[in-house]
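Welcome! The notes below will guide you from the whole chain to its inner parts.

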Amino acid sequence: MATTSRALEVTVISAEGLRLDRRRPLKKNAFVIVRTNSQNSRSTAASDDAGGSSPAWNEKLVVEMPPHAWFLTVEVRCRANSGDKVVGTARIPASDFVGGDVPANYLHFLSYRMRDGRGEPNGIINLSVRVKGAENGAGAAATCAAAASVSRPWVGGAVVVGKFAGGVVTGVPVWMA
């Protein structure tokens, strides 16, 4: 297995149904932070000032994904006078966009449910992810397949009587042929 990191091209498209404190819809100043680990993060350059509870960014971010990273974390925040407030977070498993028979530079369109700080559902984030690969595609596909095929224990949460009991939210990737 290769030990070098892979470049991910993440396009943060939009979000929908965002709320502050479970009741109030988000009005403006939302921005996104994308990270693969605590030291490696990128944020959208501009906040969405007019999108309200359904902001749109359509902004490409390039982030390095080390081979040991299992998740891509996407966090929507809101700028306020008292500082930035986390609106919602989604952790996307790397296996959703690397590995298998997916060709290099394949563009994945993904939508995930976000959770607020209490674990309650708070909106949906829409994004696309492309693993930047070699010119002919063979090297990157082999590297991504090897990274995704590593046996990993499932780390997740269960929904118990409407409450989220764990810390991981997974989504269903949409495969476009």
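A residue is called buried when its relative accessible area is under 20%. In this predicted model, buried residues make up 42% of the 177 residues in the chain.

**Overall layout**
- The chain holds one helix and 12 strands.
- If you follow the sequence, the order is β-β-β-β-β-β-β-β-β-β-α-β-β.
- Among the contacts with a separation of 6 or more, 64% join residues 24 or more positions apart.
- The accessible surface comes to about 9300 Å², and carbon and sulfur atoms account for 53% of that area.

- In soluble globular proteins, nonpolar side chains tend to be buried together.
- Here, the largest nonpolar core has 32 residues, and Leu-8, Leu-72, Val-76, Phe-97 and Ile-125 are those with the most contacts inside it.
- Several strands each supply at least two residues of this core, including β1 (6-16), β7 (71-78) and β10 (121-131).
- Which residues does Leu-8 contact, leaving aside its neighbours within four places in sequence? Among them are Thr-36, Leu-61, Val-63, Leu-72, Phe-97 and Val-129.

**The second largest pocket**
- This pocket contains about 160 Å³ of space.
- Its lining is formed by Leu-20, Arg-24, Pro-25, Leu-26, Lys-27, Lys-28, Asn-29, Cys-78 and Arg-79.
- Sorted by class, the lining of the second largest pocket has four nonpolar, one polar and four charged residues.

Key:
Residues numbered from 1 in each chain as written. Predicted model: local features only at pLDDT ≥ 70, side-chain atom pairs only at ≥ 80, totals over all residues. Heavy atoms only, no water. 1 Å grid on protein atoms, 1.4 Å probe; cavity = no way out; pocket = protein on both sides within 12 Å on 5 of 7 lines; lining within 4 Å. Points joined across faces, edges and corners; volume = space filled by probe spheres on them. Nonpolar A, V, L, I, M, F, W, Y, C, P; charged D, E, K, R; others polar. Helix = DSSP H or I, 4+ residues; strand = E, 2+ residues; numbered from the N terminus. Buried < 20%, exposed > 50% of the residue type's maximum accessible area, 1.4 Å probe, protein only. Contact = heavy atoms within 4.5 Å. Areas by Shrake-Rupley, 256 points an atom, 1.4 Å probe, with all protein chains shown as cover. Core = buried A, V, L, I, M, F, W, Y, C linked by side-chain atoms within 4.5 Å.
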